[in-house]
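This report describes selected features of one protein structure. Please examine the sequence and the structure before reading on.

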Amino acid sequence: MVKGKVPTRDELLAFIRDSETPVGKREIARAYGLKGDQRIELKELLRDLRDTGEIAPDRAKTFRHPESLSDMVVLEIVSVDADGHLLAVPRRHDDDKDGPPPRIEVTAPASRNVPAPAVGDRVLASMKRRGKNTYEAKVVRRLGSGPKKILGLYEEPPGRNGLGLVTPTDRKLRREFDVRPSDKNGALPGDIVWIEEIGGALARRARIVERIGPMSDPRTVSLISIATNDIPVDFPEAAIEEADRAKAAPMGHRLDLRDVPLVTIDGEDARDFDDAVFAEPDPDHPGGWRLLVAIADVAWYVRHDRPLDRAAYRRGTSVYFPDRVVPMLPEQLSNHWCSLVPHEDRPVLVAEMWIDAEGHLKRHKFHRAMMRSAARLTYNRVQRAMNGTPDAEIEPLMDEVVRPLYGAYRVLLAAREARGALDLDLPERQVTLGKDGHIATIGVRERLDSHKLIEEFMVLANVAAAQALEQRQMPCLYRVHDQPDLAKLEALREFLGTLGIKVPTGQRLRPADLNRVLHEVADKPVSQLVSQTVLRSQSQAVYSPDNLGHFGLALARYAHFTSPIRRFPDLIVHRALIAAYGLGDGGLSSEDRGRFTEFGEHLSMCERRAVAAERGAMDRYVAAFMAGHVGAVFPGRVNGVTRFGLFATLEGTGADGLIPIRSLGQEFFRHDEGRQVLIGERTGETFGLGDRLQLKLIEADLATGGLLFEIVDVIERVERQPAPRHSRPAYGKERTGPPRRPVAHRGPPRDKGSRRRK
């Protein structure tokens, strides 16, 4: 034990494990002689150990090793995992204060007289340790059900004798809750609130425990997504203080690239610039190029197991909303020291790469360097310059910077096409907010060659990073995109067959096979629909230490390297490269080399959480915008078919909503799952994927983001082949009456090829 020094993770774990009684922060600080800022750092380290389940908190603000969990514990059943195991947490556990608990799997009670527990139940259970942070709990006695927090919109409809009403923001919860005046906790009509159920499941009563904000305030839209998805917002004080103490990195042994005209190219509204590019012809290989991709050296500022590191790891990624960003790192770093602002010295990690005339990566090196950005450029300005109208800043950079970048890009693009990378060029919605914070316009983001240029440079650098770590036998956190599931591919074949498009059977499809399909329908009305359906057939990309390749990009290896400001996986790759090349401080620690499986699982979860939050916010913003157009008629296309109705996307805005089956008329409609159509039993009228319709907006629910449409007219029907003999059975149900409230729908998945989520 070293007095006056904050213990390492292992030292602190050993101290707590060897203590005969639970110890608190005060006892630990006294034992190690810690003062001032050191106590703050100790607090963050204890919180981090709680988050990973390596220590367990007691009610008396003390800590113990998880092995000392009591044999008899009151648990609350919180979820069911993919294998059907009931998962529980200690009844007194508070995620906000105590962090994530150990994994506790609950088994059926030993006595037949004890009813089987379910999610929401409280039980008395006997505990048995099975492994690190994992326990088995056997139910001794069921104690009842505990309250569950639900986010919803509070209203006070007339004629309810003072009772308030809360409608959940989660469209899967198709129930409403009554709130008595004594339980509204100061909430006002139109507020988004957290509630707890009271009085039992059948009572549908709740008390308000927290107000989020008024639904009329456009900022509340993002707050709903943040609250629903448990996005961490506030940085710990120790992390903020560490960021505030950051200063310019020294030149040291860095490669000096300050005279190289590296430039950043980003969107018009970008606030942080974490990548810069440069290209020049390779004089030794005609048609080849030398490329530099310089990435902010975040590892210099964010060191292993420090407050900034622990806070960033919890977040995993930045989260982007139309009105705000929840950053992975404090702005002092993300918008200052780690932002490659023009004409300022900034430390970077550089991928130096050489490609031949066919775009093949021939060799690469990685350097720690110091650069000075020659210009902060935007996609639109660069594209206009290449189209013949450069502005005053870009004009002098055309010959030395811009044209060489496009020259290297054309070679990389040809290589992409030659290897058959999946060519999904789906439109991405673009939201513009007015000064009042409300949506001013919704449109489709223009996709330019300048966007693709940066993407191809980043892809090449990511490939080089994975190759470098493999060659130097360092652990690598790959970005893997596995082969599509066979069942999804068979469903895709069936759907394409209804359009007369043949796909090879009896083998796994390659990206080139799917590209052939996309090119075949490129000029047809169903082009976007086919692209979306192909996208839905894909596996989900995740982070893993096991290399499965990247199916979509048709690459044997791929690792995220290019955005350590906003993605923690990239920071891990940076640290591994620094250690592999012996580039100084901030490299991968020995403790972290065995944690890559944990890294992959946690950071994949963080990404899914961020995507869900961003998508939910976008749905609600669009619903708020469309609320002013209820009753209007729009053209749209069917993008989904279910037995309870059709999902459709409006042209122009890209707004998604439901056409309930009961709004189609009085006859019986069958759902043909194989052909993805609804068929009228009496008239034979069909509605299916790709049909273009005139749609009337019936309802826009701001709280859930749901839209309801009804069909006014059929503009164009997709020509379909007869149903194959092996088509799945059709079924349906007669639907009558008025349309229902919006139901669960998230619309088509985001383009997996976007730069931020690739």
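In this predicted model, proline 327 touches Phe235, Arg315 and Ser318, when residues up to four places away in sequence are left out. Proline 327 is located in the loop that lies between β19 (325-326) and α9 (331-337). Its relative accessible area is 19%, and because buried means under 20%, proline 327 counts as buried. Between the C-alpha atoms of proline 327 and glycine 316, which are eleven residues apart along the chain, the separation is 9.7 Å.

In soluble globular proteins, nonpolar side chains tend to be buried together. The largest nonpolar core here has 93 residues, and those with the most contacts inside it are Leu291, Phe457, Phe561 and Leu577. Helix α12 (residues 449-471) supplies the largest share of this core, namely eleven residues. Another core, of 67 residues, lies apart from it and has Leu153, Leu518, Phe634 and Leu689 among its members. Leucine 291 touches, among others, Phe278, Met353, Leu412 and Phe457, not counting residues up to four places away in sequence.

The angle between helices α14 and α15 is about 160°, and their axes are 9 Å apart. The two helices are therefore roughly antiparallel to each other. The crossing of α14 past α15 is right-handed. By class, their contact has five nonpolar residues, one polar residue and no charged residues.

| Helix | Residue range | Residues in the contact |
|---|---|---|
| α14 | residues 511-520 | Leu514, Val517, Leu518 |
| α15 | residues 527-536 | Val530, Ser531, Val534 |

Conventions: Residues numbered from 1 in each chain as written. Predicted model: local features only at pLDDT ≥ 70, side-chain atom pairs only at ≥ 80, totals over all residues. Heavy atoms only, no water. Core = buried A, V, L, I, M, F, W, Y, C linked by side-chain atoms within 4.5 Å. Buried < 20%, exposed > 50% of the residue type's maximum accessible area, 1.4 Å probe, protein only. Helix = DSSP H or I, 4+ residues; strand = E, 2+ residues; numbered from the N terminus. Contact = heavy atoms within 4.5 Å. Axes fitted to C-alpha atoms, helices over the stretch in contact; angles between N-to-C directions. Parallel < 35°, antiparallel > 145°, perpendicular 65-115°, else oblique. Left-handed = near helix turned anticlockwise from the far one by under 90°. Nonpolar A, V, L, I, M, F, W, Y, C, P; charged D, E, K, R; others polar.
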